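Take a look at the sequence and the 3D view below, and keep both handy while you read.

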Amino acid sequence: MNYKQSRFIFNICVPGGVLLACLGFDLADSSETLSMILCVIGLAAILGSIFQAFLFYKCPKCGKRFDTRAQLPSYCPFCGQYLEPYAQSTRK
């Protein structure tokens with residue numbers, strides 16, 4: 001998995017997990033079992049997303065981790081390597 005796929009998964013799973021957990025808390029009065037299942041799935045999505053971002057959201061050259069709170073960088077802030085799709089052409 002590359003850093004772009006990792007960022008995409010992070011951006012989908014964290015809000016989705018929060019939404020599922022909130023929905024689970026909201027349904028607590030009507031169905032306790034469904035509420036618990038939704039909360040567990042939501043929290044698992046959030047934690048899994050954070051874990052995969054920790055493993056894969058990093059520079060392909062130097063391996064240092066990018067900040068998940070910032071936008072997808074056009075270059076690595078640590079080594080200066082340009083990242084796809086912003087990579088400079090080497091053709092002449």
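In which helix is the place of Ser-49? Ser-49 belongs to helix H2. Before you go further, bear in mind that this is a predicted model. The briefing starts with the helices, then turns to the core, the rings and the charges.

**Helix H1**

- Helix H1 covers residues 3-26, and here's a quick check you can follow: at 1.5 Å a residue, its 24 residues should span 34 Å, and the C-alpha atoms at its ends are 34 Å apart, so the two agree.
- The buried residues of H1 are Tyr-3, Ser-6, Arg-7, Phe-10, Gly-17, Ala-21 and Gly-24.
- As background, an α-helix has 3.6 residues a turn, so residues three or four places apart point the same way.

- Ser-6 sits in H1 and counts as buried because its relative accessible area is 0%, under the 20% cut-off.
- Leaving out residues up to four places away in sequence, Ser-6 touches Met-1, Gln-52, Ala-53, Phe-56 and Tyr-57.
- Ser-49, over in H2, is buried too, with a relative accessibility of 2%.
- With residues up to four places away again set aside, Ser-49 touches Ile-9, Phe-10, Cys-13 and Val-14.

**A proline to compare**

- Is Pro-15 buried, partly exposed or exposed? Pro-15 lies in H1 and is partly exposed, at 47% relative accessible area.
- Pro-15 and Ala-53 are 38 residues apart along the chain, and 14 Å separates their C-alpha atoms.

**The nonpolar core**

- Eight residues make up the largest nonpolar core: Tyr-3, Phe-10, Ala-53, Tyr-57, Cys-59, Phe-66, Cys-76 and Leu-83.
- In soluble globular proteins, nonpolar side chains tend to be buried together.
- Pick out Cys-76 in that core: neighbours within four places in sequence aside, Cys-76 is in contact with Cys-59, Cys-62, Phe-66, Gln-81 and Leu-83.

**Rings**

- How many aromatic pairs does the structure hold? There are three aromatic pairs.
- One of them joins Tyr-57 and Phe-66 edge-to-face, with 5.4 Å from centre to centre and 75° between the planes.
- Both partners are hidden away: Tyr-57 is buried at 1% relative accessible area, and Phe-66 is buried at 7%.
- Ring pairs also link Tyr-3, Tyr-57 and Phe-66 into a cluster.

**Charges**

- Look for Arg-65 next: its charged end sits over the ring of Phe-54, 4.0 Å from the ring's centre.
- How many salt bridges does a search of the whole structure find? That search finds one salt bridge.
- Arg-69 and Asp-67 meet through their side chains in a salt bridge, at 3.0 Å from N to O.
- Side chains of opposite charge can pair when their charged atoms come close.
- Arg-69 counts as exposed because its relative accessibility is 74%, over the 50% cut-off.
- Asp-67, its salt-bridge partner, is partly exposed, with a relative accessible area of 36%.

Key:
Residues are numbered from 1 along each chain as its sequence is written. This is a predicted model: local features need pLDDT of at least 70, side-chain atom pairs count only at pLDDT 80 or more; totals for chains, interfaces and linings use all residues. Side-chain values use heavy atoms; hydrogens and water are left out. A nonpolar core is a set of buried Ala, Val, Leu, Ile, Met, Phe, Trp, Tyr and Cys residues joined through side-chain atoms within 4.5 Å. Buried means under 20% relative accessible area, exposed over 50%, partly exposed in between (1.4 Å probe, protein chains only). Contact means heavy atoms within 4.5 Å. Rings of Phe, Tyr and Trp (its six-membered ring) pair if their centres lie within 6.5 Å; planes under 30 degrees apart count as stacked, over 60 as edge-to-face and the rest as tilted. A charge sits over a ring if NZ of Lys or CZ of Arg is within 6 Å of the ring centre and within 35 degrees of the ring normal. A salt bridge is a side-chain nitrogen of Lys or Arg within 4 Å of a carboxyl oxygen of Asp or Glu. Helices (H or I, at least four residues) and strands (E, at least two) are DSSP runs, numbered from the N terminus. The expected span of a helix is 1.5 Å times one less than its number of residues.
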